[in-house]
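Dear colleague,

I am passing on the structure that we spoke about, with a written account of what came out of it.

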Amino acid sequence: MNIIACVKQVPDTEAQIKVKADGSGIEEGQIKWVMNPYDEFGVEEALKLKEKNGGDVTIVSVGPARAMETIRTALAMGADKGVHICDPAFDNADAYVIANALAAVIKTLPHDIIFCGQRAIDDDAGQVGAMLAEALGLPQLTLVTKLEFAGASVKVIRPIEGAQLSIETALPCIVTAQKGLNEPRYASLPGIMKAKKKPVDVKNAAALGIPTDAKAKVAKTIPPPARPPGKIVCGDDPAQKAAELGRLLREEAKAI
Amino acid sequence: MKEHEFFVGSEGREVFWNIPLPAFEIILFALTAVALAIFAYGVYRRWQMWKAMGKPEMRLDNIKERVKIVLAEVFLQKKVLKDPYPGVMHALIFFGFFVLIFGAAFDAGQHHVTEPLFSWTFLKGNFYLVFSFLMDLFGLFVLIGVVIALDRRFVKKPDRLGYRGTLDTTPDDVIVLLLIGAIIVTGFIAEALRIYVTNPSWEVWSFVGWLLSRTFTGVELDTARTLHQVIWWVHAALGLGFIAYIPYSRLLHIITTPANHFLTSFKPTGYIEPIRDFENAEAFGVGQLEEFTWKQIFDSDACTRCGRCQDGCPAYLTGKPLSPKKLVQDIKTYWLEKCPDPLKAMVAAKLAGAPAEGDAPAEETPAKALVGEVIDLHELWACTNCMYCMENCSSSIEHVPKIIDMRRYKVLTEADFSPELQLSCRNMENNSNPWGVGAHVRGDWAKELGVKTLAEDPNVEYLFYVGCSGSFDDRGKKISIAFAKILQEAGVSFGILGTEEGCCGDSAMRCGNEYLFQTLAQANIDVMNGYGVKKIIAICPHGYNALKKDYPNFGGNFEVYHHTEIIAKLIADRKIKLNEPLKGRFVYHDSCFLGRYNKIYDAPRQILKAIPGIDVVEMERKLEKSFCCGAGGARMWMEEDIGERINNARTKQAIEAGADMIAVGCPFCLTMMSDGIKDNHKEETMQAWDLAELVVKAMGREEVKPPVDTCAV
């Protein structure tokens, strides 16, 4: 079984995000980069499928040189090989360009099932999985929380408001992973060591022969407005504290 | 053999009185030879077994120190006697037997060596009288020891002689006790019969035999002679049987326990040997018995099942499946199953026509996983690394490194460990702290205090290594602030690393994630060495211990202090003055990583003593017998879902001591004790404080807040 998992390197959720002074993006210097958590669910599911049914798992990622770490992380978890699409031409790529780049690589690889995260936690666009399905002309199963493999088809669960859908499709297909699909594994140390020697193909835009012009451009990145500081009423006497709280709510917050 | 003349002024006795020589002597020699041969074979076979398995480990350096340890632990019974009742029991038997063996050696020495060769007898006169007295006295000691042992094993039945209420007494335990008792009793009877027949006045010095001989009044002398011969042979046979039985019974500890003391580790308490090669190993830690070192396996053969370890194990005492004794015994049982029997191997090799030399193939034993089957995973993960077992083991057994080795296997090789611990590990990887708070806020606590980072001013005497609790945990930050204020008030020159500081890695190391630990340690060491740091103060005993003992392995050689040491010194040097009286009955809870790991027991108590206005009480479990808070060994980051919570049990001990304030010197302990106070529903009347916080209050440096105040978040 040929399984593909697409991954994106994103800032750690706890990282301090500072917008560049000119609004052209964020400052990357101090950021700790990690694998997009939703992509991690995809990688885990890919590895589970492989362990159960045999085959191999290929990791595909678009990103700058540092994204190699994330590919290695997935290889350490147990994936077999990687493709790193790395070209400065993709620096300002939008979802459309990324999806096409991924599609260009995946077309050259045998693929029965392709996993993406349902969205990346950095720009929260949630478009790549769907666009990739279009580009490849494959059925797409989005926001999947459970997956059952049955030979030539898969059956998945997709929660919706107040119910859940059970959807089936023939392979090959694209699955976008949602939280709840699985608990991603912790890479073993032998896995980490082996990952260093696993093959990763590095491809540039020219090699893929695809356009790199973004259809949508980020005009400006603006930090959220500073939140007015909250207040905590401190003190030892509950009655006095309650009185002070009441006063603040009435006079300052004008809530009562 | 010439007749001796014994009379008042030349008191003594004939060594082989009533024993027809030389016929009986020949039989006795033959029996002795058989007993020694059985003994020698048993020891040889065991020796082969000790050699058969395990990785190499050097434990034969520094022989002089090793001999000293054997003298203290074996001949002075130092650790054995720390527990008075069973200690005295063992000491009575040990010293008794020791002296009696000398007695037998004197008898044999005179009879077979000095008299035939030099016509010199020394068992006479006053020397004989004292000798007789001592023999009887120490014989009596052994008997008392045996009675106490029987009373403990069959009447008192302390929990530590079993596991969860089930005694682990084996037939061997009973045989050994009765054998020892019988040797002494038959010895006394034989002596009494001899005294009864020969009746010399000076034998009143052999007071037990003398008193016993009085009970034979009326017995025909000939009957007494016959009876004496019978008893004498029984006594001799039991004595020889004892020797032969040693290697096949718990008596083997006569050899293995002193040997284990001799083979003790000279590394600092709690030191864990780092994994030195990550690149080329296929597996990490210990997943198979033979991946232990020979010494780690030998340990289990030195265990006497005394249960001292179990008596203070926080996991065991709160109902977790772990008992250090059981763990060691389970390893031993598995070793006995798995270890190739050298005799069988030799026979098999002979039958197969192969040379008997060399390593014979191991016996076919069903494959059992060491970790998971021999040692249950709940046992493995219940350990808090508190070091009670190792500190109190009277056989110098090293439990904790075995546990960490097995955890390493689970974490590094199999990556099979609890999800909450995986999360903590990821947090340490991504944000260099187990909480997973953004690494960029690490130095924020110090912003309003004017504490400088080494980047701002590297020319300071001390680096204050704050650690994760002191940087990210809201309560922990208060300790950092308090300690920084103390240093500022005392005019100590110090700085912090701010965002350049990283997690010390203790939790990673102790959960078995050695790879992560070394990554974290190396990052800190590189920064510290980059600033030329020499002296470091830590407020967390975990960081203190790791920096002091483990960082030197990776090029981090610093003088490391705990903040209680520094504060105690500042008080003693009158650099800070504690004039503001506080209120409360305080109890100090010994942090394991401060106490047992680093023997810092006095400094925290000196600080408490210097605070005016307070009462200080002690808990029953204190100092080297202190009870863990439950957070060590990376337990801080794991669910505790079996039995009672360790921190609640410890808090109860503080309540029982009559305290309404718990003083600690560790942020992990502070969290655990604070939670314990809440769980014991004492939050209205009881509080937990770090000593630094108390000192700041007593210095009158705590900010005086208005009764009601609002502060920004």
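**Domains, chain contact, helix crossing and sheet**

In chain A, the centres of domain 1 and domain 2, taken over C-alpha atoms, are separated by 47 Å. The assignment for chain A, which is of the automatic or database kind, places domain 1 at 2–208 and domain 2 at 226–256.

Please keep in mind that this is a predicted model, in which local features need pLDDT of at least 70 and side-chain atom pairs count only at pLDDT 80 or more, while totals for chains, interfaces and linings use all residues. Residues are numbered from 1 along each chain as its sequence is written, and chains are lettered from A and ligands numbered from 1 in the order in which they are written.

Turning to the two chains, 28 residues of chain A are in contact with 28 residues of chain B, where contact requires C-beta atoms, placed from the backbone, to lie within 7 Å. On the chain A side, the elements that give two or more residues are α5 (189–195), β13 (231–235) and α7 (238–252), the helices being DSSP runs of H or I with at least four residues and the strands runs of E with at least two, numbered from the N terminus. The most comes from β13(A), with five residues. By class, the chain A side divides into twelve nonpolar, six polar and ten charged residues (Ala, Val, Leu, Ile, Met, Phe, Trp, Tyr, Cys and Pro count as nonpolar, Asp, Glu, Lys and Arg as charged, and the others, Gly among them, as polar).

Within chain B, the axes of helix α2 (residues 63–75) and helix α9 (residues 253–262) come within 8 Å and cross at roughly 135°, with axes fitted to C-alpha atoms over the stretch in contact and angles running from 0 to 180 degrees between N-to-C directions. The contact is made by B:R66, B:I69, B:V70, B:E73 and B:V74 of α2(B) together with B:P258, B:H261 and B:F262 of α9(B), and these residues divide into five nonpolar, one polar and two charged.

Chain A also holds an open sheet of three strands in the order β8-β9-β10, with antiparallel pairing, for which DSSP must find at least two bridges between two strands. Its edge strands, each pairing on one side only, are β8 (146–150) and β10 (163–170) of chain A, and the twist averages 20° from one strand to the next. Strand β9 (residues 153–160) of chain A is joined to β10(A) by eight bridges, and A:K155 has A:E168 as its bridge partner in β10(A).

With best regards
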